[in-house]
Each structure stands twice: as structure tokens, then as C-alpha cells.
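Here's a quick tour of a protein model for anyone just starting out with structures. Grab the viewer and follow along, topic by topic.

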Amino acid sequence: MEAYLDNSATTPCSPAAAAVVEKLLTDDFGNPSSMHMKGVKAEKYVKEAAEAIAKTLRCREKEIVFTSGGTESNNLAIIGTALANARSGKHIITTAIEHPSVKNAMLFLQERGFEISWLPVDSNGEISLDELENAVRDDTILVSVMMVNNEMGALEPVAEAGKRIHAKNPHTIFHVDAIQAYGKFRITPKNMDIDLLSASGHKIHGPKGVGFLYIKEKTKIRPIIFGGGQQRDMRSGTINAPGIAGMGVAAKESYTDLEKKTDELYALKAYFAEKLASLDEVSINGKTGRDSAPHIVSVSFPGVRSEVLLHALEGRGIYVSAGSACASSHPATGTTLPAIGLDKQHQESTLRFSFSTRTTREELDYTCETLAELLPVLRRYRRF
């Protein structure tokens, strides 16, 4: 049996999304910027994708800028905002548990004279709204807070955060990394006081290499990629029509019967947590209820290094991550587990299991049965 439980790293492309990608690669392959009919036809797919995504966010098509993925979306949001607003101030706020595409963009700006405030989190990976509000100053130009943490599934109170930020300083721009949240929650940026929002295609059963940044109309931001002036000068480069079309299809599919799908994911998560509780020396990091993400479970297995257990599971056809995929080959680069106060032994024995609507209880049963078999054997060779 095979159990793919690494859906936060990437998801399989849906058949409908894959079909439209293939069609644009082979038949309707024109450059959307070309003026002839091949280009016009390709541009139509891009427009339809923008309409589909805008509908999921209840925003305007022109507020969607397509990118090469979540990393570029986050970099554009953070660096583009900083460059555009540096005369108003150089203070930026983020959290201690952000994805490297946010964290490293912040460090890049810090080296260039910007002041970064890093908000701590509690043992569940959640920020304090009071601490956030108190951190906002007259010279705070940007706040960036992820909606769902990629390592343990902590759900941040972004709607209330947006309200408090703008009440304290109406000129502060609020960016939300929604890469692990888009397609799992109803997100309406205007109602949630969100100015910028990042998402990625391959997290929602779309193709890799494509994402988008929602930019609220009149938000002050500069491009960071320069060239032919595509996408209203905000993101130059030949428009990735196949990827965008595929992501548009995936977005539409993700938000069809969303509440039903989310309920099913929460039921899977509760079922998995209950099964894990029957295993010896196993602890779940963070919450497992509806006040957490529906698709991510972070689990520590003291006595077994995460890489060892990961590959042992792989040998049985079970695929998971050691932390987040971006850090799985370099586990020490993860920021979330140290930030919640987890000791070194638990940090070094943590795996992330992540589901999709294709995940079955049979896969979870098989995983827990395999863990019950492997853990006692692997713990005989414990080094800590």
C-alpha cells in the first residue's frame, strides 16, 4: 500500500488542471502578449483564471498578479512594499515562525537598514494580538503574518490582526502568506483588512511554478522583476499561460463544496490524532481541533531521529516530511519548533503529516500500524 501524506509540500495535479496545462503547451501555445489570434486565445485562458481566482477572494481581476509561485509572491509583497514605502518609515513586523521565503526576505531588508520586529509565539504557535498591536508604530510600513504555519499547522488570527493593525496605523500595509491556507478556508481580503495575500498553485492540486499575489487596489508597492512590462508593469516576463490556466482550474475546484471538504479534512485529522494517541512516546505539537489548520499534523517521536523514521516509512510506501519540505534536507533551518519552546530531542524527532481531500482513513490506519511496528525497533538504536 502507498500513503502520500506530504500534501503541504506539494499536491498531485488534478486531472482537469493537468489537461488544461497540456492543452496550452501543445495546442493553444501562443504567447498571451502576442497580438495575433494564437496570443489572443492564450490570453483568454489567463483572463479566465484571473476571474476564477478573483471570485474565490471576492476581489477584482486586476488585483491579481501572477508569479512563479509562493516564494516570488512573498518576495514581491515584502521587498516591493519596503522599496515603495521606505520614505515613510523603515519598520517592519513579522513573526518568529515565518516560511524562509518571508524570513530571508526580511533579513535581506534588515541588512539594508530596515528594522525588523520578530513577534514571538506561544506553545501552540500562535501570536499575541496585543503584542502585535503594541508593536505597530507610526513608522511601521509593513506587517507580514502567515495564516497557516507550514510546519505545524498553527492558525493565526489574521482577520483580527488586520483590524488592529489598521486601527493603530491606517497607513501600515498588511501582508498575509496564505500559501498553506488558500483552498482550505474562505478568505475575503477586503473583509479581513488584508492588503496583500500570497498563494501557490501546487498546494491546491494545480501545477508547480505558478502562484499569485493579491494586491489591494491603491496599495503602494513596486515591482522587483523588470522587463517588458507585463501585468500592468507589476511583474514582467512572458506570462506562464499553461501554469496560470491550470491554477485557475484548481482554484475553482478547490472552492467547490469547500465547507464539505474542510469538514472531511478536520475529521481525518481528529481520527489520525486519536490513532496516534494509542502509540507509546508520541506527542502532537500544537492543536488538532478546528482552531488549527485542517490538513497538517506535527508529531514528535522521541528516541528516533526524524530523518531515520522518514526513510523507514518511505521504505513502506509512506511519504511524509521532516518539518517543512523547504527545510527537510536541512532540518536545523526550521524555525517553528524552537519558537514554540520544543526541546532539542523533540525537535529532532518530529515529522509532519499533511492531508488532502484524496487522503483516506485506510492510509492513516496503515501509517499508524507501520509506526507501531517500526518505532520499538528504531528506538533500540536511540542516540539521545
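Predicted model: local features only at pLDDT ≥ 70, side-chain atom pairs only at ≥ 80, totals over all residues.

**The seven-stranded sheet**

- Let's begin with an open sheet of seven strands, which go in the order β2-β8-β7-β6-β5-β3-β4 with mixed pairing.
- At its edges you'll find β2 (64-67) and β4 (115-119), each of which pairs on one side only.
- On average, neighbouring strands in this sheet are turned by 20° against each other, if you ignore direction.
- Strand β2 runs antiparallel to β8 (residues 211-215), and four bridges join the two. Along that pairing, Thr67 sits opposite Gly211 of β8.
- In a regular strand, side chains alternate between the two faces of the sheet. Both faces of β2 are covered: Ile64 and Phe66 are buried on one side, and Val65 and Thr67 are buried on the other.
- Further in, β6 (residues 173-177) and β7 (residues 196-200) run parallel and are joined by three bridges. Asp177 has Ser198 in β7 as its bridge partner.
- Helix α6 (residues 158-168) lies across β5 (140-146) and β6, and its direction makes an angle of about 165° with β6.

**The three-stranded sheet**

- There's also an open sheet of three strands, ordered β9-β10-β12, with antiparallel pairing.
- Strands β9 and β12 each have a single partner strand, so one side of each has no neighbour in the sheet.
- Here, neighbouring strands are turned by 35° against each other on average, direction ignored.
- Lying across β9, β10 and β12 is helix α8 (residues 258-276), which runs at about 10° to β10.

**The largest pocket**

- How much space lies in the largest pocket? About 380 Å³.
- The pocket is lined by 17 residues, and the closest to its centre are Glu51, Ala52, Lys55, Gly248 and Lys252.
- Helices α2 (37-57) and α7 (241-254) each supply at least two residues of the lining. The biggest share comes from α2, with seven residues.

**Lys287, a loop residue**

- Look for Lys287 in the loop between β9 (283-285) and β10 (296-300).
- Is Lys287 buried or partly exposed? Its relative accessibility is 26%, so Lys287 counts as partly exposed.
- If you skip its neighbours within four places in sequence, Lys287 is in contact with Asn124, Glu126, Lys269 and Ser292.
- Asn124 is 163 residues away from Lys287 along the chain, yet their C-alpha atoms are separated by 6.4 Å.
- The Lys287 side chain makes polar contacts with the side chains of Glu126 (2.9 Å) and Asp291 (3.3 Å).

**Ser349, another loop residue**

- Ser349 belongs to the loop between α11 (344-347) and β12 (350-354).
- Why does Ser349 count as buried? Buried means under 20% relative accessible area, and Ser349 has a relative accessible area of 1%.
- Leaving out neighbours within four places in sequence, Ser349 has contacts that include Val299, Ser300, Phe301 and Pro302. Val304, Arg305 and Ser306 are in contact with Ser349 too.

Key: Residues numbered from 1 in each chain as written. Heavy atoms only, no water. Pairing = 2+ DSSP bridges. Axes fitted to C-alpha atoms, helices over the stretch in contact; angles between N-to-C directions. Contact = heavy atoms within 4.5 Å. Buried < 20%, exposed > 50% of the residue type's maximum accessible area, 1.4 Å probe, protein only. Polar contact = N/O pair within 3.5 Å; in protein donor to acceptor, adjacent residues only side chain to side chain. 1 Å grid on protein atoms, 1.4 Å probe; cavity = no way out; pocket = protein on both sides within 12 Å on 5 of 7 lines; lining within 4 Å. Points joined across faces, edges and corners; volume = space filled by probe spheres on them.
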